[in-house]
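Colleague: I have a structure open and would like a walk through it. Can we go feature by feature?
Modeller: Fine. Ask as you go.

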Amino acid sequence: MSINKGPKLKIVPFEVHGSRLDIGKRWQKWLTRFERELKYSGIDPSEKSEMAQMALLIHVGTEAEDIHDSLPDPVKPEETEEAQWTAYRKSVSKLSSYFMPQQSNDFAIFELMNTKPLAGETTRSY
């Protein structure tokens, strides 16, 4: 019986703790490095989706894996075809939606209301 082993990637687990201000950028960098290592090891996520998903969940680290497992399944984007909505893409979508910063209209209004003109600034330039 042949056992198919996954890729041996040399990537450190994603650090979920730290500043929430830069976690989105850190996640994007980590994911880019991970996908680069996947391609280097010969795994194409579009062809071997389940193998890529398992590699993602193993190498992302136990804390991020627990976050992944606690999140609901994402909704397929309208522009994505059914064949492209693979298990790997679903997992990446789950984690990206969790780690990437969200737009907040309330915060934008708060920032706008706290904007004050500088001393000597004209109304036109304000």
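Colleague: What does R26 form a salt bridge with?
Modeller: The partner of R26 is D22, and their closest N and O atoms are 3.4 Å apart. A salt bridge here is a side-chain nitrogen of Lys or Arg within 4 Å of a carboxyl oxygen of Asp or Glu.

Colleague: What kind of model and numbering is this?
Modeller: This is a predicted model, in which local features need pLDDT of at least 70 and side-chain atom pairs count only at pLDDT 80 or more, while totals for chains, interfaces and linings use all residues. Residues are numbered from 1 along each chain as its sequence is written, and side-chain values use heavy atoms, with hydrogens and water left out.

Colleague: What do D73 and K94 do?
Modeller: Their side chains meet in a salt bridge, at 3.5 Å from N to O. D73 lies in the loop between α3 and α4 and K94 lies in helix α4, so the pair ties together parts that are 21 residues apart in sequence. D73 is exposed, with a relative accessible area of 65%, whereas K94 counts as buried at 8%.

Colleague: Let me step back. How many helices and strands does the protein chain have?
Modeller: It has five helices and zero strands, so the term definition matters: helices (H or I, at least four residues) and strands (E, at least two) are DSSP runs, numbered from the N terminus. Along the sequence the pattern is α-α-α-α-α.

Colleague: And what share of the residues is buried?
Modeller: Of the 126 residues in the protein chain, 28% are buried.

Colleague: Which residues of helix α2 are buried?
Modeller: Helix α2 covers residues 49–59, and its buried residues are S49, A52, A55, L56, L57 and H59. They pack against α1 (23–40), α3 (62–70) and α4 (87–99). After α2 comes G61, which has a positive phi, near 105°.

Colleague: What is S49 in contact with?
Modeller: Leaving aside neighbours within four places in sequence, S49 is in contact with T86, A87 and Y88. Contact means heavy atoms within 4.5 Å. A polar atom of the S49 side chain lies 3.0 Å from the backbone nitrogen of Y88. S49 counts as buried, at 12% relative accessibility.

Colleague: Now the core. Which residues touch the most other members of the largest nonpolar core?
Modeller: Those are F34 and F99, in a core of 21 residues. Each of α1, α2, α3 and α4 supplies at least two residues of this core. The largest share, six residues, comes from α1. A nonpolar core is a set of buried Ala, Val, Leu, Ile, Met, Phe, Trp, Tyr and Cys residues joined through side-chain atoms within 4.5 Å.

Colleague: What does F34 touch?
Modeller: Not counting residues up to four places away in sequence, F34 touches L9, I11, A52, A55, L56, H59 and Y88.

Colleague: Last one. Where does P101 lie?
Modeller: P101 lies in the loop between α4 and α5 (105–113). P101 counts as exposed, at 66% relative accessibility.

Conventions: Buried means under 20% relative accessible area, exposed over 50%, partly exposed in between (1.4 Å probe, protein chains only). A polar contact is a pair of N or O atoms within 3.5 Å; within protein, one must be able to donate a hydrogen and the other to accept it, and residues adjacent in sequence count only if both atoms are side-chain atoms.
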